[in-house]
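Hello,

The structure we spoke about is below. My notes on it follow.

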Amino acid sequence: MSRVRADEEEYWHSSKFRAFTFDDEDDELSQLKESKRAVNSLRDIVDDDDDDDLERVSWSGEPVGSISWSIKETASGSTGSLDGRDSSLQKGPSSYAALPKQASSYSLSSLFKGRNKLSSFQSLSDALTDTGIKNYAPELRRPKAEYKDYSSDWSPKDTVRRMQRGKICSLERFRSLQDKLLLLDEAVAGHDGNVITAVLIFLKRTLRREILFRELEVRQVALCHLIHFLREMGEQKFLLDLLRFLDRTEEVALSQYREHLNIQDVEKRREFLKGCIGLPFSAEDTSHIQDHYTLLERQIIIEANDRHLEMAGQSELFRKYPRKASILNMPLVTTLFYSCFYHYTEAEGMFSSPTNLKKTFKIPDKQYVLTALAARAKLRAWGDVDALLTTKNWLGYTKKKAPIGFHRVVEILQRNNAPVQVLQEYVRLVEDVETRLNLASKYKCHDVVIETYRDLKDRVQLTAYKCKVERGSAEEEKIQSILSNMQIRWKN
């Protein structure tokens, strides 16, 4: 009996827990460290990428991420923590570190899924209530209202408004002619060219040509949009059918004439232009088509002859100034410049003669003088320039005349590096005094400046200009001679 009593006393006065020291580790802390090492070892074993292909289930066997799992998890998380806290108080310290199975329904992979690999559990409660763990809830279906953009319940007015905002709209639901025309009218009322063009493309694809042409005839805005669209897209056959239906004969002819731009072969283009002469053009347009055909015919003849001369080396002009490009399909002014450059002295009866071109195509004098002056000045043929600007009256007297104005003549000559003597001759012929002085001062025509100030009897300006010429030059002596002339009555 005493032995039993002694055992009970020893039981009540003894303890398996040792006294606290700083060297000893707490049992709970050591257990947590062991758990941490186990977790780290599991991270190396478990591959995150492989887990994505596997279906994760909870302790109860339900797939992780399902709706029922989310609801039960929320409920078990709130009740399990309270039950675990009460049971730990009832069981005492020896059962404190034990993890009740029903306290969590996470699988091992779901426990660490979504958690930063550098982070770790700090305590046992963190492991159970960690907020970094992702809840993989299923993707819910989008609201039905969002699918309304792709529905076919829009009215023509709403459809046009949505198209103006750049939304996707299907026009296939508009099947009746009435609905299609109402859609076109709403597009025209919206004043948006892109929407009108889109609707016209839809109508062009879904309506017969006769019906489409008939309806567009009374809708001029839509008609203009369609004609412009067909021209830009190069749908020539459809455009010609539309213009013929509208009885626009001249536009039909012009549209056919534009097709010559797509013909590269010169002989085929000439034959095509020859056929265009009989099309129902206006009187003015018919003359232009005739001139175009005649010009191309002349260019073919000139090109063949000049190519032969250039290859044979028989012309010194072609050897000194080789041709840079062919004359074929060039404009009339370019052809005239070419003729003035290479064939200026030819007789009027030759097709390549500049005077023949002027007479055949009725080139105005101003255009002819401007083109010929530029060509001969480029060759520095100053004699031809003088002859070009010299006219003879009915009494036989000659004088200089420039339809383009002598100030333009001076600018063209200076651009081609004409000598000062040539420039001074034409600067003197400029009628406006201020323009003449500006040109003479700009191009260093000192004699013209001195003579102009002398004629104006402006002693002050002449004296000031004396400082601008070289000292001891002939111009300075001329100025000094004029200033010392006592017979001139200066006005200042």
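**Notes on the model**

The side chain of Arg298 makes a polar contact with the side chain of Thr360, at 3.2 Å. Please keep in mind that this is a predicted model.

Arg298 lies in helix 15, which spans residues 283–312. Arg298 is buried but has no salt bridge. The nearest side chain of opposite charge belongs to Glu297, 6.5 Å away; the cut-off for a salt bridge is 4 Å. Leaving aside residues up to four places away in sequence, Arg298 touches Phe351, Asn356, Leu357 and Thr360.

Next, helix 14 (residues 266–276). Its buried residues are Val266, Arg269, Arg270, Leu273 and Cys276. These residues are on the same side of helix 14, because they cover an arc of only 120° around the axis. Helix 15 is among the elements that cover them, as is helix 13 (249–257). At the start of helix 14, the backbone nitrogen of Glu267 has a side-chain oxygen of Asp265 within 3.3 Å.

The last item is Leu379, in the loop between helix 19 (365–378) and helix 20 (382–388). Is Leu379 buried or exposed? Its relative accessible area is 17%, so Leu379 counts as buried, the limit being under 20%. Not counting residues up to four places away in sequence, Leu379 touches Leu317, Tyr321 and Phe341. Of these contacts, Phe341 is 38 residues from Leu379 in sequence, with a C-alpha to C-alpha distance of 7.6 Å.

Regards

Methods. Residues are numbered from 1 along each chain as its sequence is written. This is a predicted model: local features need pLDDT of at least 70, side-chain atom pairs count only at pLDDT 80 or more; totals for chains, interfaces and linings use all residues. Side-chain values use heavy atoms; hydrogens and water are left out. Helices (H or I, at least four residues) and strands (E, at least two) are DSSP runs, numbered from the N terminus. Buried means under 20% relative accessible area, exposed over 50%, partly exposed in between (1.4 Å probe, protein chains only). Lys and Arg count as positive and Asp and Glu as negative; His and the chain ends are not counted. A polar contact is a pair of N or O atoms within 3.5 Å; within protein, one must be able to donate a hydrogen and the other to accept it, and residues adjacent in sequence count only if both atoms are side-chain atoms. Contact means heavy atoms within 4.5 Å. The arc is that of the directions from the helix axis to the C-beta atoms.
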